[in-house]
Amino acid sequence: MVSRPNPEITESPRKMPLPDRAPAGSIFPVVVDFLRARWRVAGSASALVLLPCFWHREIEAADLGSHLYNAWLVQLIHRGQAHGLWVDHRSNNILFDYLLSGLGALFGLHAAEKIAVAVVVLIFFWGAFALVCAAARRAAWHVLPLVAMAAYGWTFHIGLFNYYLSLGLSFFGLAILWRGCGRERLIVAGLAPLIFLAHPLGLFWLAAAGVYVFLAERRRLQYQLALLLAGVAALFAVHKYLWAHFVVENRPDNFWFFNGADQFVLFGDRYRTVEYAFLLFAVTALVWDVVGRLRQDESCTLADYAVPFELYLLACAAVLLLPRGAHVPGHIGAVALLTDRLTSVSVVLILCLLGAMRPHKWHLAAAAALAAVFFSFVYQDTGRINRMEDEVARLVRTLPPNQRVMGTILPPADSRVTIQHILDRACIGYCFSYGNYEPGSKMFRVRANPGNPYVLDTYDLAVEMEDGYYEVQPRDLPVYQVYQCDASGTKLCIHALKADEENDDLGVHPNGSG
């Protein structure tokens, strides 16, 4: 009996004139066969994509330090050791925090951080790859290094892990909706509560994209322009509603910057080299593929690009039409950085387009070279922040235990990633980060009563502290300040604050703030 090759794992374009298609019908037997045949490759890819989680002592991802610190506060609250703080039982923006707390109870918080981040990275990475494969109807190995880059883009490094986790799960869900059949699509109904528990924006994206894909796959190509225009009209209606009913933060003037490749611009301007190289590769490879298909009279296969391209255009329209942030009247909380968050979707949709290309060896070589440059930059910059965090930990341990500590630690002017919360993580088990913003924002599970001794209970005061303009009150004393004490921004010092002193009077910042 001659076995037939599985079309999902056919990789070389030389073996057949066109890459084979996944068969119609159930996708799960195809997935099982694929994993059986490629489990070593999948395992190796998983190990490699997790390397940035373990190459330094700490994972440097902005708000991650705050997530971990507040997980420690939850432990203190449950033990009755943090009077004046309490836990709010939320229904969203919480799944990653539950994961941290659950693992922390079993393994300790430091190990829990590593495990939890590794889990969500794998969910995002393989979820994005699943969506790329669903769009391409093949295993698109040639874009795998670029998927790894997307997994460690701006959303990861700014530390929006609940949103990040919701996107990873939603990518799996959309892949199943797109290529699954019958009862397989019911799995998405099971994923929906988890996606919402992580972050509602992930569920909104899944619902909107799922409806669009369902309609687009059932329309002839010539009618999809009308569907695209209907999508833009729907976004415009949302725009009008938000501007009429909410306090909004306008989109940035340079909205074209948020094209998806901006996810690769992190700790400084040198990352723009990676961004431009990625865009050059994407445009060159796509034009090469389109021209090649037209020369071979295979214009009918250009329909492979239609739905991913339409979804990408809608994502760009969302950047143009939606606000960067929206505040609900009467509530402190807000949907912040919406424009920036959307580009995690945009970059994966670009990868869906690249996945639809007929693969060539130079695609994989170029993608690997881009990933090598990107991750070498990330290794260097996160190593520098790790050394700063070590210094913060050393400084706070010169104080007696259980002291209140503030910190204004700003990144270089050309960085898009904040580093403020390295103080939060350094305080775990030893001191209290007095400017912890989560309780005052009322958007997370730890809440604070007025007059508690552990944290500023008002969000506006926490923001003033982070900016360095908080005026110390007698009730705050004793309290200490960690600050940057030379123009490089990497040398840190600590001193005791006095009443009526602005908390960062002594700070010296290379970007002129503070």
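Which side chains meet in a salt bridge at 2.8 Å, N to O? They are those of R57 and E58, a salt bridge being a side-chain nitrogen of Lys or Arg within 4 Å of a carboxyl oxygen of Asp or Glu. The model is predicted: local features need pLDDT of at least 70 and side-chain atom pairs count only at pLDDT 80 or more, while totals for chains, interfaces and linings use all residues. Residues are numbered from 1 along each chain as its sequence is written, and side-chain values use heavy atoms, with hydrogens and water left out.

**Overall form**

- The secondary structure comes to 17 helices and nine strands; these are DSSP runs, numbered from the N terminus, with helices being H or I of at least four residues and strands E of at least two.
- For 514 residues, a compact globule would have a radius of gyration near 24 Å, and the protein agrees with its 24 Å. This radius is taken over C-alpha atoms, and the globule rule is 2.2 Å times the number of residues to the power 0.38.
- Along the principal axes, the C-alpha atoms fill a box of roughly 80 × 50 × 45 Å.
- Of the 514 residues, 56% are buried; buried means under 20% relative accessible area, exposed over 50%, and partly exposed in between, with a 1.4 Å probe and protein chains only.
- Of the contacts (heavy atoms within 4.5 Å) between residues at least 6 apart in sequence, 76% join residues at least 24 apart.

**Salt bridges**

- The count of salt bridges comes to 19.
- R416 and D262 form a salt bridge at 3.8 Å, N to O. R416 lies in the loop between β5 (404-408) and α15 (422-427) and D262 in the loop between β2 (247-249) and α11 (271-295), so the pair ties together parts that are 154 residues apart in sequence. Both R416 and D262 are buried.
- R270 and D381 form a salt bridge at 3.2 Å, N to O. This pair links distant parts of the chain, 111 residues apart, with R270 in the loop between β2 and α11 and D381 in helix α14 (residues 361-396). R270 is partly exposed at 32% relative accessible area, whereas D381 is buried at 10%.

**Helix α8**

- Helix α8 (residues 186-198) bends by about 30° at A192, and the proline P193 follows within four residues. The bend is the angle between axes fitted to the seven residues ending at a residue and the seven starting there.
- V188, L191, I195 and A198 are the buried residues of α8, and they pack against α3 (95-107), α7 (161-179) and α9 (200-216).

**Backbone features**

- Most residues other than glycine have a negative phi, and most peptide bonds are trans.
- N93, in the loop between β1 (85-87) and α3, has a positive phi of about 60° although it is not a glycine. N93 is buried, with a relative accessible area of 10%.
- K442 also has a positive phi of about 60° and is not a glycine. K442 lies in the loop between α16 (437-441) and β7 (446-448) and is partly exposed at 42% relative accessibility.
- The peptide bond from L477 to P478 is cis, with omega near -5°; P478 is in the loop between α17 (459-467) and β8 (479-484).
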